[in-house]
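Welcome, and please open your viewer. We will go from one selection to the next and look at what is there.

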Amino acid sequence: MASALSAPDIREKFLAFFEQKNHRRVASSSLVPHQDPTLLFTNAGMVQFKDVFTGRETRDYTRATTSQKCVRAGGKHNDLDNVGFTARHHTFFEMLGNFSFGDYFKKDAIAYAWEFVTGVLALPAEKLAVTVFKGEDGIGADEEAFELWRQTGVAADRIGRLGLKDNFWAMGDTGPCGPCSEIYFHLPNHAPKPGDMPGESENWVEIWNLVFMQFERKTKGGALLALPKPSIDTGAGLERVTAVAQGKQSNYETDLFVPLLSKVASLAHKRYGSNEADDASMRVVADHARATAFLMADGVLPSNEGRGYVLRRIMRRAIRHGSRLGLEDVFFHQAVDQVISMMGGHYTELNENRKLLLEATQFEEASFRKTLKNGLKMIGDEIASAGKGALLSGEVVFKLHDTYGFPWDLTQVIAKERGHDVDVAGFQALMDKQREAGAFAGSGDKGVGERYKQLAQELPETQFLGYEGEGTQGDGKVLAMLKDGQRVTQAGVGSELEVVFDRTVFYGESGGQVGDHGQLSNSKTELQVTDVQKPVPTLTVHHAKVTEGTLFVGDTVSMQVDKTRRDSIRANHSATHLLHKALKVVFGEHVKQAGSVVAPDMLRFDYSHFQAPTLEQLEKVEDLVNGWVRENTGAQTQVMKLDEARAAGAIALFGEKYGDKVRVVTVHPESTELCGGTHVRRTGDIGLFKILSDASIASGVRRIQAVTGIGAFQWLRETDHELKRAADALKAPVREVVKRIEATQKRVKELERTLEETRLKSQVASSGGVAEQVREVNGVKVLTQHVDPADAQILRTLADRYRDKLRSGVIGLGGPTADGKALILVAATPDLVDKGFKAGDAIRIMAFEVGGKGGGKAEMAQAGGPDVAKVPQALERLYELVKNQPPAGK
């Protein structure tokens, strides 16, 4: 068996092999599925071809081959804690695949697969076996596949038969489905013995799955109908294929992982292979570094929801395993950098985003290490309170997992190191409950209604005319109308419709740019367009209301976009391009667009950056943008191939999906981006650019809101009016407003201090002599006082004074606040605290009297509540507390 092939060699040989079989080599799609709200991450090679298989999309090829980036973590693949402890379980992996869209079928698929594994990879046939569908639940056995394998040269005793679970595939409860056939490799060094077959022993590893899409189900549980054009979908995990080709028992022993594991071992000053527990931790770090690098390169950043939350869990698990290896300083970015070095040649997005990936990784780890200390303290506290040898509860393990990002197996390791075990069953029960409550129901994107998918299949792609000339006038023919979600052929006055035309000048919402408004009309009818959407890429849907006459399918109407609104949108969209470039200039090339909204009245731009910008930096950004605006350079657009656009320096948006042909917009010589939106003709059309705010919206992601043109001028005018009103109120010139406010604030603070002293003196004076109010309870001096009005600062100051006067004692103060609520405070002198008195414990009991809650430290605590009338009872309760539980030594 040839073992010299490297993983990159295998990937390239696979793609080249199928190119020679007239397959189109298609680049991997993003790990973030586009136009598929049912998926969290791309988890198989067929995901980017899903609409091709279902007939909703057509391409200029019927055969394809890919090496697809995949992630399986979160949702139904929520078994993250297994990664690192098995030989072939990963979060990130590459899926090699070949696909036929109604072209070849079983015969060629089987022949190609056998030729590749035995010819190109030179795997010994005597160590291979295949399986076919045996038939189950009324579905017949796949005898055709059995015979085709036999004709290929596979012995009958090397062909196994498995059931629905292993050898039948379905896209869902409805849709395409069919039997599948798998190729297995025998892991032990010797050839398999008679009867040793996949499904019957653990000696086999599946390396390739061939799915034969030959049926379709119209309804759940319905009959299987033969597809007119059967298709092929295959998947071979590169990691597994590499392991068997290189004669390894584990994927982690291949060149996909060895350099990465060596890097981790070097950082930890350990040797991989010398300690199984350490080895598992190194495998976790290596695997998770791959997932982190690729997810970030496709636009996913750590956060507390959705995809970002899954990434955060992956990263934190890796960091905790690094900590277990003794890596107490920030280290994970170095493992990610190793991934970039190893795989950036084939996946260029890794190199393109290197700085962002490394900064984001360092930022996340630094944040988590602060949390890590709290988690470790919690484990220590729980173990200390549990008692020697006691079981650490499932609730504690779950809280550590859910709140602090601690994998349960690491909590178990820490607990065992201290002589304890964990309640795994209790933890799993809570995890199952969480999965049920938070099972992933989609990406968070709006699902595409079936009616739109059906329209997209029936109708030609809507031609957009908005790039031509002014792009705000034209005509179009009505191809379809929906009213209340149902197809109609005509609609009268008052009808609210969704209308599809053969062509349109109206821009459908996409790429962050909102849809156009405007009018539709002909000699018989008029409609007001209130929104335009693109539920699927080929379909532009106009939301309109009939204001006059009747509209029929087949009618031709004149279209008029609200030009003033469109011009404002153009200005804001072009400004986002200039803003993107300016942010890169000021902050660095790591800045990437992470989202945007382009509306007529404002623009919103989300970008990756890990520190709050200074005022000077934001002003520099504004100055750059406004400088480019004043240059009034002409904007240019071109349509070219994606690789040509990249070579020309065009910026592709972070994690966005693009076709083979792209529209390249150069708003200014400094800014060239791939974009399908509408833009100004010259930068001067933007008029003026003004940043209104900048704020953090997630870890490493910030949001700028800004205005342009008329909107910017209106904002400046309103701000000027407010400033003049402030000047009038202060009776000061406009340019002296700040000085006058500072002086006024200083005077207010002085008056507040004077008022506080006066109130304090008044409270002390009204209380009479302190000595007369002190009661001695079990040898402890206790002083209570009703204070009206009660203010937290005054109560604290009084308590400090009384403690100084008493030298040893307990003080209770309380009364009504200015807003009519009860406020009480308890304080104790240091000697009584040392003897065991805790003000926090006392205040919690007293708080019940006023219907509230409280807490604090042993020396001072306070509480509030709604029942002001019960303040005297609360203060009286303090005497009882001291009497019943006097400090130790009394």
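**First stop: a pair of helices**

Select helix 17 (residues 563–587) and helix 18 (residues 615–631), which pack at an angle of about 135° with their axes 9 Å apart. Helices here are DSSP runs of H or I, at least four residues long, numbered from the N terminus. Axes are lines fitted to C-alpha atoms over the stretch in contact, and angles run from 0 to 180 degrees between N-to-C directions. The two helices are therefore oblique to each other, the class left over when angles under 35 degrees count as roughly parallel, over 145 as roughly antiparallel and 65 to 115 as roughly perpendicular.

Now show the side chains.

A note on the model: it is predicted, with local features needing pLDDT of at least 70 and side-chain atom pairs pLDDT 80 or more, while totals for chains, interfaces and linings use all residues. Residues are numbered from 1 along each chain as its sequence is written, and side-chain values use heavy atoms, without hydrogens and water.

**Second stop: another pair**

Select helix 1 (residues 7–20) and helix 6 (residues 238–245), packed at about 115° with axes 10 Å apart. That makes helix 1 roughly perpendicular to helix 6. Look for Ile-10 of helix 1 and Val-241 of helix 6, which are among the residues making the contact.

**Last stop: around Phe-332**

Select Phe-332 and find its contacts beyond four places in sequence, including Val-285, His-288, Met-315 and Glu-365.

Technical notes
Contact means heavy atoms within 4.5 Å.
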